[in-house]
Amino acid sequence: MAIQDYFLPKSLEQALDLLTEHGPALLVMAGGTIAMPLINDGISMPEKVMGLRHAGLNAVRRENGTLVVGATTTLTQLAQQADIPMLQEAVRHIGGWQIRNMGTVGGNLFAPPPAGDLAVALLALDATVTLASKQRGRRTIPLAEFFTGFMTTALAPDELVAELHIPLPRGKTSYIKYARKHANTPAIVTVAAHVVTEGNKVADARLALNAVGPHPIRVRRAEQLLLGSPLNADSIALAAKEAAAECEPFTDAIATDWYRRRMTEVFVRRALERIAE
Amino acid sequence: MASRIVTFNLNGRDVEVMVKPLTTLQAVLREHLHLTATKSGCRQGGCGSCTVLVNGEPMLSCLLPVEDIAGQKVVTLEGITPAEGLHPIQQAFFDNYAIQCGYCSPGMIMVIKALLDRNPNPTRQEVMDAIAGNVCRCTGYDSILRAAEDAARRLQSA
């Protein structure tokens, strides 16, 4: 079945109208870096496709200590316009230059692990995601609740990702992607950490991992272990061990589940050591 | 579904093509316009051999529906090759043995063009970052890195 129609809405409202009209038969894409390879290979054979490149969702603005990022902001635009070092570090580790010029912030949320290395930074920054529907309007949920399983999300069939709200970090951050090559490569494990210390003790900790679960995950038991302790070799070792126990790694062509779990402990430790320095 | 007419600026000239829904820029360049410098490699966004510049930004033409770039400026390797001789980046590739089978060369050259347009004197690391999305299975990359540095020198002294 050849593709019958390709829609290029000029606004979010037009996009939601098209989604309501055509329903789940409509394949939605933004930068095309996930959908087009599947279509080119004949793995995905949609009858109708909607491209969001001209839907007016590619803007970044500041709003009361929060960075508001439109869903189709490209990764290159994000790195240029977001003055949050962890986001720039995350973007630098995604794809090559061309992919960063095409791939979008919203689209990256749908990249299955071991891809999707932006979301792990967004989880550590406690980002929220705003979903828009024609009938029900907008709702905003924590990004951690957006991910529900392997390639499944909280997005309803009549909804589109409209924007992300990223609070400016209050504490120290670190981001490490461990992979077999330096660039343009899937992760063995990616770690993003955000730690707030008050009077030498950890007051708030967020630890997020990618490539060691069905979707980018927070390891909350490991986070809990850090609370109220000084960030030192002992507390870091405990949290790293817990993170390795808590994650759900998988085996693929890049690494075995056993190796990913071992490396999770190593790289959570290194990420926290960088913050403690 | 009916085909549509799309116009865009290609290598300084406006072109008009009639395409089926979701036709890629790569297919338009190679199959409609018979401009075959832009290669068709993996069609997965993994090899970089189809790289063209859209408004000066390197993009993968195999993943880009041509309707998305209607009215915009596209430059391919044909667009930077002079009527006589070679562009300084092409000449640097030639002189530094950076071309073996040649399949990656058009994509490599377009990415290096985009890099040198922004940063006329890049470090080796900056060249490596720029070509990270382009695969070469012949050269081991070293000659390509040398060619990029040589091209930067040639363009600066030109």
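Helices (H or I, at least four residues) and strands (E, at least two) are DSSP runs, numbered from the N terminus. This is a predicted model: local features need pLDDT of at least 70, side-chain atom pairs count only at pLDDT 80 or more, and totals for chains, interfaces and linings use all residues. Residues are numbered from 1 along each chain as its sequence is written, while chains are lettered from A and ligands numbered from 1 in the order in which they are written.

**Stop 1: chain B.** Select chain B. Its secondary structure comes to six helices and five strands. Along the sequence they run β-β-α-β-β-β-α-α-α-α-α. The C-alpha trace spans about 50 × 30 × 25 Å along its principal axes.

**Stop 2: helix 4 of chain A.** Select residues 85-92 of chain A. Met86(A), Leu87(A), Ala90(A) and Val91(A) are the buried residues here (buried: 20 or more other C-beta atoms within 10 Å of the residue's own, with C-beta atoms placed from the backbone).

**Stop 3: Leu122(A).** Which residues is Leu122(A) in contact with, leaving aside its neighbours within four places in sequence? Show Ala127(A), Leu143(A), Leu164(A) and Ile166(A). Contact means that the two C-beta atoms, placed from the backbone, lie within 7 Å.

Methods:
A residue is buried if 20 or more other C-beta atoms lie within 10 Å of its own, exposed if 12 or fewer, and partly exposed in between; C-beta atoms are placed from the backbone.
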